[in-house]
Amino acid sequence: KLIGFCSFYVCLKLTEITIPSSVDTIGNDAFTRCISLKQISLPSSLKYIGVNAFAHCISLENIIIPPLVERLGVSCFYGCESLKSITIKSSLKFIDSDVFGNCYSLKSINIPSTISSFGLHSFYKCHSLSQIFIPSSVDQIFERSFNGCTSLESITFPSSVKLIGHRAFFGCSSLKEITFQSTDICIYNEA
């Protein structure tokens, strides 16, 4: 049921893994710094991906989050520099801090309509992310959530968004168009 803490930490030659259907939890730091890991198949039974579980897996190119996943641990895909595509099939409630931070190659991600907030630095310095769809379920975008997303060109804030945190979009140098669907919103300094 569990792949435990640091189970495959720094397995430098590991390139591919298929996690069996009996697993429902990937523990903290389970695959951290597996720098050659390009492909991973997550089982439909999976419910939790731990803190830093795949952090700094710099060769990982895409990931599909299965339907039963309830939570992604802080920084679980942090620093996955080659990660280009993320498909979230689950009904996550929020994207936690640093989950996709420093995923420089990230171009696309589908945000499920169940997400209510984006945590601190959740997409920090995702330089290749040119668009993001914020569903109407989102009410808060925390500090530095999209800071340094230099390819982001436009963004629409649905009326559900009530808070945009400090420097949430700071350094988004390609941002040309911003649409607010409500005036009832608190925007912090340098957002």
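**Reading the model**

Mentor: A search of the whole structure finds six salt bridges, a salt bridge being a side-chain nitrogen of Lys or Arg within 4 Å of a carboxyl oxygen of Asp or Glu. This is a predicted model, in which local features need pLDDT of at least 70 and side-chain atom pairs count only at pLDDT 80 or more, whereas totals for chains, interfaces and linings use all residues. Residues are numbered from 1 along each chain as its sequence is written, and side-chain values use heavy atoms, with hydrogens and water left out.

Trainee: Which residue forms a salt bridge with aspartate 24?

Mentor: Side chains of opposite charge can pair when their charged atoms come close. Here the partner of aspartate 24 is lysine 1, with 3.7 Å between the closest N and O atoms. The pair links distant parts of the chain, 23 residues apart: aspartate 24 is in the loop between strand E2 (16–18) and E3, and lysine 1 in the segment before strand E1 (2–3). Strands (E, at least two residues) are DSSP runs, numbered from the N terminus.

Trainee: Is aspartate 24 buried or exposed?

Mentor: Buried means under 20% relative accessible area, exposed over 50%, and partly exposed in between (1.4 Å probe, protein chains only). Aspartate 24 counts as buried because its relative accessibility is 17%, whereas lysine 1 is exposed at 67%.

Trainee: Which residue meets aspartate 184 in a salt bridge?

Mentor: Aspartate 184 meets lysine 162, at 3.6 Å from N to O. This pair also links distant parts of the chain, 22 residues apart, with aspartate 184 in the loop between strand E15 (177–180) and E16, and lysine 162 in the loop between strand E13 (154–157) and E14. Aspartate 184 is exposed, with a relative accessible area of 52%, and lysine 162 is partly exposed at 38%. Another salt bridge joins glutamate 143 and arginine 144, at 3.9 Å from N to O.

Trainee: In what order do the five strands of the open sheet stand?

Mentor: Two strands pair if DSSP finds at least two bridges between them. The order is E9-E11-E12-E14-E16, with parallel pairing. Strand E9 (94–95) and strand E16 (186–187) stand at the edges with a single partner strand each, so one side of each is left without a neighbour in the sheet. Strand E14 (residues 163–164) is joined to E16 by two bridges, and leucine 163 has cysteine 186 as its bridge partner in E16.

Trainee: Where is aspartate 96 found, and which side chain does it join in a polar contact?

Mentor: A polar contact is a pair of N or O atoms within 3.5 Å; within protein, one must be able to donate a hydrogen and the other to accept it, and residues adjacent in sequence count only if both atoms are side-chain atoms. Aspartate 96 lies in the loop between E9 and strand E10 (108–109), and its side chain joins that of arginine 71 at 2.6 Å. Aspartate 96 counts as buried, at 11% relative accessibility. Leaving aside neighbours within four places in sequence, its contacts (heavy atoms within 4.5 Å) are Arg71, Leu72, Val74, Gly119 and Ser122.

Trainee: How far apart are lysine 176 and serine 22?

Mentor: They are 154 residues apart in sequence and 47 Å apart in space, C-alpha to C-alpha. Lysine 176 is in the loop between E14 and E15, and is exposed at 72%.

Note on methods
Helices (H or I, at least four residues) and strands (E, at least two) are DSSP runs, numbered from the N terminus.
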